[in-house]
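The exercises below are to be worked through with the sequence and the model at hand.

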Amino acid sequence: MLTDKLHRERMAHLPTRVEPLERLSARLGGPRLLVKRDDQTGLATGGNKTRKLEFLVGEALAGRADVLVTGGAPQSNHARQTAAAAARCGLRSVLVLKGEAPPVLTGNLLLDELLGAEIRWAGDQDMNDALQETAEALWSQGGRPALIPYGGSNPVGASGYVAALEELMAQLEVVDQRVDTIVFASSSGGTQAGLVVGAHSLGFSGRILGISVDQPREALAATVAMLATETAALLGRPTGFDPARIEINDDYLGDGYASVGKPERDAIRLFARTEGLLLDPVYTGRAAAGLIDLIGQERFRKDETVLFWHTGGTVGLFGFGDKLTA
Ligand SMILES: *Cc1c(COP(=O)(O)O)cnc(C)c1O
């Protein structure tokens, strides 16, 4: 495998399944649709961060860390999977979350507490400052913190999605299935960077189309290209990736990050009611809304195969109940 030289702590249930979405394909009258079930990676309700954490925690353990520190939004899927990974490896976890503690713990936040994470609310402090301060306090108390980047997106974390693309290609080969386009939610860029490096290294010929969840196209493309270039170097396959060739659609940003509107609500209902498949309100709900709209605009050929890479987050539904039934 391309990632064989990296430290890796196996935690995910792999390979995740690839399943056809026949009823949804028929309903949308569009291309053949498949789903890659990374919502089922197995770690405390799963998600894409588990693949990144296998490498990030592997590196932390090799460096003899005893506490994982990361940050995110209150309903961060990444923070929840980091807390679970820490518990599973006998490490402490400290989560620095944006804003103030809500009155009731729901969704990911409830799981963070059950998983034993120590939560620090950043209030109006800058998130990077709050993270640095937290790590320094841990060092001064004699701890050995490992700082896990936002969204797990550095070259080590992105390597999880290089391995994931390799996993997908092996699955497709067995059933002699081709995929023309992979569609997924893209935010901190590690998932897309890993897929792009995997595709380049292994000769995957399909398109890799990220639906931006929170950033304008140019900004996210620059992040993904840089991360892909660094990831390729880490894996000993130096290649320069050009932001202009990173495919990102930013038409579905709505009112911004974690603002759940009608497109997300409709997409979540449609997937649930035609396939019994649950999406999440912040990432996959938005990416699916984008996919549905692009199919409506006939941006895919009818005979093409589109794989929706489900990146998880389903437990976040319970943190947005009021928005989803509005
Ligand atoms: C973090 C996350 C993403 C985005 O992945 P990035 O690697 O940060 O771009 C997509 N979907 C879900 C459910 C996530 O939690």
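## Exercise 1: The nonpolar core

The largest nonpolar core has 51 residues, and Leu68, Ile182 and Trp309 have the most contacts inside it. A nonpolar core is here a set of buried Ala, Val, Leu, Ile, Met, Phe, Trp, Tyr and Cys residues joined through side-chain atoms within 4.5 Å; buried means under 20% relative accessible area, exposed over 50%, and partly exposed in between (1.4 Å probe, protein chains only). The model is predicted: local features need pLDDT of at least 70, side-chain atom pairs count only at pLDDT 80 or more, and totals for chains, interfaces and linings use all residues. Residues are numbered from 1 along each chain as its sequence is written, and side-chain values use heavy atoms, with hydrogens and water left out.

**Task.** State which elements give two or more residues to this core.

**Solution.** 

Step 1. The elements are α2, α3, α6 (155-174), β7, α7, α8 (217-234) and β10. Helices (H or I, at least four residues) and strands (E, at least two) are DSSP runs, numbered from the N terminus.

Step 2. Helix α6 gives the most to this core, with 9 residues.

Step 3. At least three core residues come from each of domain 1 (18-47 + 153-324) and domain 2 (49-151). The domain bounds come from an automatic or database domain assignment.

## Exercise 2: Strand β10

**Task.** Determine whether strand β10 (residues 305-310) is enclosed or open, and find which strands pair with β10.

**Solution.** 

Step 1. Count the buried residues: 6 of the 6 residues of β10 are buried, so the strand is largely enclosed by the rest of the structure.

Step 2. Separate the faces. In a regular strand the side chains alternate between the two faces of the sheet. In β10, Thr305, Leu307 and Trp309 are buried on one side, and Val306, Phe308 and His310 are buried on the other.

Step 3. Look for partners; two strands pair if DSSP finds at least two bridges between them. Strand β2 (residues 32-37) pairs with β10 in the parallel sense over 6 bridges, and Arg37 stands opposite His310.

Step 4. Strand β7 also runs parallel to β10, joined to it by 3 bridges. Here Val183 stands opposite Phe308.

## Exercise 3: Cavity and pocket

**Task.** Describe the linings of the largest cavity and the largest pocket.

**Solution.** 

Step 1. On a 1 Å grid over the protein atoms alone, a cavity is a set of points where a 1.4 Å probe fits but cannot get out; a pocket is an open set with protein on both sides within 12 Å along at least five of seven lines; lining residues have an atom within 4 Å of a point. Grid points are joined across faces, edges and corners, and a volume is the space filled by probe spheres set on the points.

Step 2. The structure holds 1 cavity of 30 Å³ or more, and the largest cavity has a volume of about 250 Å³. It is lined by 25 residues, of which Lys49, Gly151, Ser187, Ser188 and Tyr283 are the closest to its centre.

Step 3. The cavity lining has 5 nonpolar, 18 polar and 2 charged residues. Ala, Val, Leu, Ile, Met, Phe, Trp, Tyr, Cys and Pro count as nonpolar, Asp, Glu, Lys and Arg as charged, and the others, Gly among them, as polar.

Step 4. Domain 1 and domain 2 each supply at least three residues of the cavity lining. At least two come from each of α2 (49-62), β3 (67-72), α3 (77-88), β7 (181-186) and α7.

Step 5. The largest pocket has a volume of about 390 Å³. Its lining comprises 15 residues, with Val196, His200, Phe241, Arg245 and Ile246 nearest the centre; by class there are 6 nonpolar, 5 polar and 4 charged residues.

Step 6. Helix α7 (190-202) and strand β8 (207-212) each supply at least two residues of the pocket lining, and α7 has the largest share, 4 residues.

## Exercise 4: Backbone exceptions

**Solution.** 

Step 1. Most residues other than glycine have a negative phi, and most peptide bonds are trans.

Step 2. At 44% relative accessibility, Thr45 is partly exposed.

Step 3. At 72% relative accessibility, Asp176 is exposed.
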